[in-house]
Amino acid sequence: MPIIEVNHLTKEYQLGHIISLKENVANAYRRMAGKAIHKREDFKALDDVSFSIEQGEVVGIIGHNGAGKSTLLKHLANISKPTKGNVIVRGSVAPLIEVGAGVNPELTGRENIYLNGAILGIPKKIIQQKLDEIIAFSELEQFIDTPVKRYSSGMTVKLGFSIATSLDADILIVDEVLAVGDLAFQRKCFDRMEDMIKRQGKTVLLVSHNIRQIQRLCNRVVLLDHGRINMDGEPQAVCDNFYEQSDRKIKANINSVQTGTEDSGEIELIEIYFSDHTGQRAEKLFYNHNCSIHFKINVLQVLEEVTFGFGFHTTDFLYLTTHNSEEQLCINHLTEGYHEIKCKIFQLPLLPGIYSVRFGITAGKAARDVFYGESLKHFMVAGDIPITKRDGFFALDAHWKLENNKATELQIISMAEA
Amino acid sequence: MIKMVKNLYNYRELIAALVWKNIVIRYKQSYLGILWAVLKPIMLMLIFTLVRSFVGIDTGNIPYPILTFAALLPWVFFQESASEGVNSVTSNAALIKKIYFPREVFPITAMVTKIVELAISFGILGAMMIYYKMMPTVYSLWVPIVVFYTMMVALGISFFGAAINVYYRDMSQALPVVLSLLMYGSPVMYPLSLVHQKLIVEQAAGHWSNNLYTLYTLNPLAGIIDSFQRVMLKGLAPDFEALYPGVVLTLVILPFSYVFFKRAENWFADVI
């Protein structure tokens, strides 16, 4: 039996303010008089959402702002009630929805541990047993008897997270909490989450805008879009789909406002395009094939000592590669007018996915920036790749070998027996 | 109703923790601490005593200050639990939006918090009784029942008011006004025997008198305050004639109010 079942869940909110008492009375009068009543516009935050989650699944929920992620979690945590449909949860829920919701600034850290424990429904005995562990995890030993109002915001969140994760529930609902604290603490939170997922076999629902985190932790991802389930399945596929969607949205934004680039006005970028190994223009490139990238520019003022550079990055701006022309191409004098620069790429090492191009031009002895832009062109890499190198961004040219000595041989035999 | 009691039991630790939080927060960083809680009935008692020296209210053989303090005790408890109760849901908006537990925990917590303050006031009443050389009688065993009844009355208002207040904040504005009016309609400044004297004995309002008296005692506080004074100071059993109209009203209102609250509860997180 699934641990969570959501059947045709629909949630409507009324837009605008709550109508005043006067309006209510007026509506009641209109109803009695048989006239049309003034109704406010409805907004469907969730629209006929159905899915079920089995025990031990780790499900990521992604989507744009306003897609209904948090509303969905609120229904699972029983905070909101559906307009239509129903939600069945078979087990206790630990809602880590914005940790530290119950943290009171006037109380000390220690007092807050007890209070929040009670709010989350942890029996006092358990809290007393776990007190030291919670304090140790929060790294706040020194400040635990200081009122929380004198804490930094990071400290408050650390405290909140430590309390919330000490709760022993069947289902964990996590809403954007891993983006807290310094890097070391984030790491610790992440490890604790992984521990709960992998070793304790808890069912986890995770909402995050950090898609990489989702990909790493989850074994299933649900993509919400305008209150509907857009896609539900294997993390890689869903996340790729989401990247594409985001891209389209980003592109639409860029086209409308043109803010993605900085240029000094000496040059104009006309077009960036790719050609594949046959020399044909291509929108889609293939892994491990040769290709070329072309930049068409219009030089408005004569430029001295020009260097071109480009790089690939993911749609969330993780820089993957760069290459510049400094050592290969020596342009002392670039005349006005149209030019096209071509750079040949051998055996494209990018694994299938969606990537983006950034491009820059510098000129002069001091290599001042003439042009620089990111996300200038999105492209897709396709191709069949063996399962051995599916994860990541690059293929590694590697070779495995078994060194034949007695010790490893024995190990292999024992593994085979097991 | 049974469900409410069950919930109350299941969430007793939460209620205890929230009550403790309310008290700690309220008096942290204040020098006099929880003594502030009893300042209100003491001040009112002093003012009423002063006023009484001009207008003259007959209180029988019981000194006026202690009689009015014994009236203020249940009154202030009721008034504060009701007004805190009405605000209890909206003032915990952050929790309501993030974590689920039965929402009646909030009005109940507000009331239990006031019990702690009531206990301190009792200490002062005890001191006054020693000063006036009054001995508690066996009838003071009625006190827990009277206090419990007061709690039910306060909850009847809190549940309904708190739910309304989530939608229309007018409630938290209107309630103090209504309650301060109700104080004059309750035997706080004057004893109930005075009202009884005027209406029942003297029939001051003609043939309306008996009905008016019933109407007056329909206010549960009339019965509560009178009973409290009788069992604590006069050594008498409660006057059931003065009590029953209020009890009936409370028994009607409380279940309705609770059901109303539970229904409205579903939308708290969306509206608050």
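The following legends describe close-up views of a predicted model. Residues are numbered from 1 along each chain as its sequence is written, and chains are lettered from A, with ligands numbered from 1, in the order in which they are written. In this predicted model, local features need pLDDT of at least 70 and side-chain atom pairs count only at pLDDT 80 or more, while totals for chains, interfaces and linings use all residues.

**View 1. Chain B is built of 13 helices and zero strands.** Helices (H or I, at least four residues) and strands (E, at least two) are DSSP runs, numbered from the N terminus. The radius of gyration of chain B is 19 Å, close to the 19 Å of the globule rule for 272 residues, so chain B is as compact as a globular protein of that length. The radius of gyration is taken over C-alpha atoms, and the globule rule is 2.2 Å times the number of residues to the power 0.38. Along its principal axes, the C-alpha trace of chain B spans about 55 × 50 × 35 Å.

**View 2. B:Ile96 lies in helix H5 (residues 93–98) of chain B.** Is B:Ile96 buried or exposed? B:Ile96 counts as buried because it has 22 C-beta neighbours inside 10 Å. A residue is buried if 20 or more other C-beta atoms lie within 10 Å of its own, exposed if 12 or fewer, and partly exposed in between, with C-beta atoms placed from the backbone. Not counting residues up to four places away in sequence, B:Ile96 touches B:Val89, B:Phe268, B:Ala269 and B:Ile272. Two residues are in contact if their C-beta atoms, placed from the backbone, lie within 7 Å.

**View 3. Chain B meets chain A through 19 residues of chain B and 25 residues of chain A.** Helix H2 (12–27), H5 and helix H13 (268–271) of chain B are the elements that give two or more residues to the side of chain B that touches chain A. H2(B) gives the most, with six residues. By class, this side of chain B has 12 nonpolar, one polar and six charged residues. Here Ala, Val, Leu, Ile, Met, Phe, Trp, Tyr, Cys and Pro count as nonpolar, Asp, Glu, Lys and Arg as charged, and the others, Gly among them, as polar.

**View 4. An open sheet of four strands in chain A has the order S12-S11-S14-S18, with antiparallel pairing.** Two strands pair if DSSP finds at least two bridges between them. The edge strands, strand S12 (281–282) and strand S18 (337–345) of chain A, each pair on one side only. Strand S11 (residues 267–275) and strand S14 (residues 291–299) of chain A run antiparallel and are joined by eight bridges. The bridge partner of A:Ser275 in S14(A) is A:Ser292.

**View 5. Strand S15 (residues 303–314) of chain A runs antiparallel to strand S17 (residues 331–334) of chain A, with three bridges between them.** A:Val306 has A:Ile331 as its bridge partner in S17(A). S15(A) also pairs in the antiparallel sense with strand S19 (residues 353–363) of chain A over eight bridges, where A:Gly311 has A:Arg358 as its bridge partner. With strand S16 (residues 319–324) of chain A, S15(A) pairs in the antiparallel sense over five bridges, and A:Gly309 stands opposite A:Asn324. S15(A) and S16(A) form a hairpin with four residues between them, and A:Phe317 in the turn has a positive phi of about 65 degrees.
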